Amino acid sequence: MLELRNIDTYYGNIQALHQIDLTVEAGEIITLIGANGAGKSTTLMSISGISPPRSGEIIFKGKPIHELPANKIVTLGISQVPEGRHIFPELTVAENLDMGAFLRNDKRGIADDLEYLYDLFPILRKRRNQPGGNLSGGEQQMLAISRALMAHPQLLLLDEPSMGLAPLVTKQIFEIIEKINREQNTTIFLVEQNANLALQIAHRGYVLENGRITMHDQADKLLANKDVQKAYLGI
Amino acid sequence: MLSFKDIRQGLLVALWFIFLTFPLLVIKINPIENSVNWRWLNMVYVGSFSFLIYLITRMVMARKLERQKKIKLGLVKEKVAWSIKLFSQPRLYLPLLAAVAVFFLLFPGLFSTYQVNIMITALMYVVLGLGLNIVVGVAGLLDLGYVAFYAVGAYTYALLNMHFGLGFWTVLPIGGVLGAIFGILLGIPVLRLRGDYLAIVTLGFGEIIRLILENWSSFSHGPSGISNISRPGFFGIELSLEMSIVYMYYLTVLMVLFTIFVVNRLQDSRIGRAWFALKEDEIACQAMGIDKMKTKLTAFSLGATWAGMAGVMFAAKTTFINPASFTFLESAIILCIVVLGGMGSIVGVIVGALVLILMPEYLRAFSDYRMLAFGAILVVMMIFRPQGIIATLRRTYTVKGDLE
Ligand SMILES: Nc1ncnc2c1ncn2[C@@H]1O[C@H](COP(=O)(O)OP(=O)(O)OP(=O)(O)O)[C@@H](O)[C@H]1O
Ligand SMILES: [Mg+2]
């Protein structure tokens with residue numbers, strides 16, 4: 001579904017990604033794990049066009065997208081939950097969700113998706129008329145995920161959904177991510193610090209070190225791998 | 001309520017103001033007799049006046065703090081801003097609206113030509129303020145060179161009228177379109193910049209336009225400007241000077257109404273939501289598929305369109321323009337209107353324009369200290385009401401998917 005070939009991404013003169021090769025198959029959950037500053041967020045930003053790569057190719061459903069602007073990429077069915085949630089603090093929960101459907105015009109479909117998400121996260125329905133900034137961190141993360149899903153993407157890019165959340169809330173969110181993948185058949189690209197949890201729900205995983213992919217395998221094999229255990233799982 | 005510390009601080013403030021105003025208010029040089037006239041009494045006035053003002057502000061601040069404490073403890077409820085209360089009840093604001101409408105409709109009949117002229121100027125600033133409000137208040141782009149587009153409109157009319165004899169009604173849309181084109185031309189390179197950088201570049205652009213007009217004499221007649229610009233035609237009938245001013249007045253009122261209508265519609269539209277969202281969080285907007293550049297550019301060029309049209313009206317009203325009408329001070333005043341009135345609020349900007357433009361006219365009594373009073377009022381306003389005279393009543397959008 002998605003293929004990255006030899007991606008190099010720079011911030012000014014600093015090269016953040018070196019020759020990234022990576023594939024995502026339709027319907028799977030794939031995870032990218034790595035230390036702080038490894039370049040995980042940059043990888044997602046490169047895909048979504050917010051920090052486009054300087055060289056290399058990104059192919060989505062057979063079409064090159066690395067030269068398209070960010071808004072066109074959303075139209076094609078890739079939706080991103082940026083790191084740190086980035087909800088609109090003054091807009092209400094309902095308006096935040098509505099912004100997610102900014103590019104859509106199918107009233108019926110939007111209403112159905114909204115219903116589905118409110119059922120998925122009942123707390124959002126309860127708070128739909130409150131400003132997004134008044135929600136707790138966990139609720140904001142739920143809102144950010146829901147907002148991205150309002151675009152009805154085929155591929156969802158999730159950047160550290162567990163950041164700053166209590167273990168219980170994290171677990172709840174991960175269960176819902178799995179559920180979305182199962183029920184909506186949304187392909188999920190999950191970036192996580194919490195490698196243990198991420199590898200448990202993912203089908204396959206990539207390990208990123210200093211802007212380079214150093215390993216990739218089935219998720220359970222990575223979980224069992226001695227090096228991964230030592231470096232990322234704290235075992 | 002007032003501690004010894006407050007009084008001491010007040011005395012220091014008074015001393016500081018005496019020091020600041022000393023050269024202006026105390027020393028008066030008489031160049032004919034070559035003597036200095038010391039006006040010591042003024043010093044006493046300044047001192048006691050600033051002392052009193054200081055004590056009053058301390059008292060107001062202290063009461064405000066106390067209130068906030070009580071709100072925190074749940075003793076009293078937070079006050080809803082009066083403007084929000086007013087506009088949420090049609091029963092309250094409809095009669096007010098009707099009164100305002102009647103007042104503006106009858107204005108030329110009730111007041112002298114002189115007053116009508118002042119009111120036209122004020123209403124033009126309402127249009128300019130509402131235009132800049134799209135850029136600064138709604139989309140959050142700090143534009144310090146807004147007057148450049150105003151100049152583009154004014155010179156469009158002056159030049160087309162002089163060379164080709166084109167009339168007001170033909171040029172009004174042309175002025176708007178040229179304003180928009182200049183907005184887009186400047187916007188494309190500049191809107192990649194953020195905040196302070198954007199402000200500086202637009203400021204520079206405003207000055208460049210003014211300098212071009214001042215120095216390119218063969219094109220714009222330089223500092224001496226262009227005179228004898230035709231007034232707007234009234235179905236081919238020659239109007240007396242007085243009548244044409246009244247006519248200009250109603251045209252301006254119409255323009256204000258048209259502007260309010262458009263701005264109001266825009267804020268409720270898709271692009272209006274995108275502007276608001278972009279002001280809140282750019283990264284999130286990009287992730288939602290909002291075209292950042294296009295959205296900003298629309299706001300910027302729409303603002304410029306209105307400045308262009310206001311420029312055409314300005315040239316038609318004064319029948320004479322020169323570059324001195326388009327200095328940075330003008331941009332600053334329009335920006336003050338937006339900020340003082342209440343960023344993003346239509347009613348706020350209207351009130352702001354009327355207050356800021358009419359006040360100096362009626363402060364002529366204090367002619368020498370007019371600008372001083374103007375500045376003081378701005379400072380005081382920003383300390384006590386940073387949200388502006390009329391705070392924005394943020395619209396809640398109806399949600400596309402909500403079918404209930
Ligand atoms: N806006 C930016 N400007 C300059 N350099 C940046 C910027 N964003 C990231 N970098 C640099 O790029 C590298 C990769 O950063 P990135 O944010 O992709 O890391 P990450 O793997 O997401 O880390 P974390 O787990 O902390 O989120 C880092 O060295 C970082 O310093
Ligand atoms: Mg990151």
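Is B:Thr319 buried or exposed? At 18% relative accessibility, B:Thr319 counts as buried. The cut-offs are under 20% relative accessible area for buried, over 50% for exposed, and partly exposed in between, with a 1.4 Å probe and protein chains only.

This is a predicted model, in which local features need pLDDT of at least 70 and side-chain atom pairs count only at pLDDT 80 or more, while totals for chains, interfaces and linings use all residues. Residues are numbered from 1 along each chain as its sequence is written, chains are lettered from A and ligands numbered from 1 in the order in which they are written, and side-chain values use heavy atoms, with hydrogens and water left out.

**Chain B overall**

- Chain B has 16 helices and two strands. Helices (H or I, at least four residues) and strands (E, at least two) are DSSP runs, numbered from the N terminus.
- Along the principal axes, the C-alpha atoms of chain B fill a box of roughly 80 × 70 × 45 Å.
- Chain B has 404 residues, and buried residues make up 44% of them.

**Aromatic pairs**

- Rings of Phe, Tyr and Trp (its six-membered ring) pair if their centres lie within 6.5 Å; planes under 30 degrees apart count as stacked, over 60 as edge-to-face and the rest as tilted.
- The count comes to 21 aromatic pairs over all chains.
- B:Phe149 and B:Phe300 are an edge-to-face pair, because their ring centres are 6.0 Å apart and their planes stand at 90 degrees.
- B:Phe149 lies in helix H6 (residues 147-164) of chain B and B:Phe300 in helix H13 (residues 292-318) of chain B, so this pair ties together parts that are 151 residues apart in sequence.
- B:Phe149 is buried, at a relative accessible area of 0%. B:Phe300 also counts as buried, at 1%.
- B:Trp216 and B:Phe219 are stacked, 4.5 Å centre to centre with 25 degrees between the planes.
- B:Trp216 is partly exposed at 47% relative accessible area. B:Phe219 is partly exposed at 34%.
- A cluster linked by ring pairs holds B:Phe103, B:Phe104, B:Phe107, B:Phe111, B:Tyr249 and B:Tyr250.

**Charges over rings in chain A**

- A charge sits over a ring if NZ of Lys or CZ of Arg is within 6 Å of the ring centre and within 35 degrees of the ring normal.
- A:Arg54 places its charged end over the ring of A:Tyr10, 3.8 Å from the ring centre.
- A:Arg147 has its charged end over the ring of A:Phe88, 5.0 Å from the centre.

**Magnesium site (ligand 2)**

- A:Ser41 (OG) and A:Glu83 (OE) coordinate the magnesium ion at 1.8 to 2.3 Å. Donors are N, O and S atoms within 2.8 Å of the metal (3.2 Å for Na, K and Ca); water is not among the atoms, so sites may look incomplete.
- A:Ser41 lies in helix H1 (residues 40-48) of chain A and A:Glu83 in the loop between strand S6 (78-81) and helix H3 (93-100) of chain A, so the pair ties together parts that are 42 residues apart in sequence.
- A:Ser41 counts as buried at 19% relative accessibility, whereas A:Glu83 is partly exposed at 30%.

**Ligand 1**

- Ligand 1 has 13 residues around it, and A:Lys40, A:Ser41, A:Thr42, A:Glu83 and A:Gln193 come nearest. A residue is near a molecule or strand if one of its heavy atoms lies within 4 Å of it.
- H1(A) gives the largest share of this shell, three residues.
- A polar contact is a pair of N or O atoms within 3.5 Å; within protein, one must be able to donate a hydrogen and the other to accept it, and residues adjacent in sequence count only if both atoms are side-chain atoms.
- Oxygen atoms of ligand 1 lie 3.2 Å from a backbone N or O atom of A:Ala38, 2.9 Å from a polar backbone atom of A:Gly39 and 2.4 Å from a polar side-chain atom of A:Thr42.
- On its own, ligand 1 has 630 Å² of accessible area, and the protein covers 60% of it. Areas come from the Shrake-Rupley method with a 1.4 Å probe; for residues, only the protein chains shown count as cover.

- B:Thr319 has a positive phi near 60 degrees. B:Thr319 sits in the loop between H13 and helix H14 (328-341) of chain B.
- A:Asn210 has a positive phi of about 45 degrees. The loop between strand S9 (204-209) and strand S10 (212-218) of chain A holds A:Asn210, which is exposed at 65% relative accessible area.
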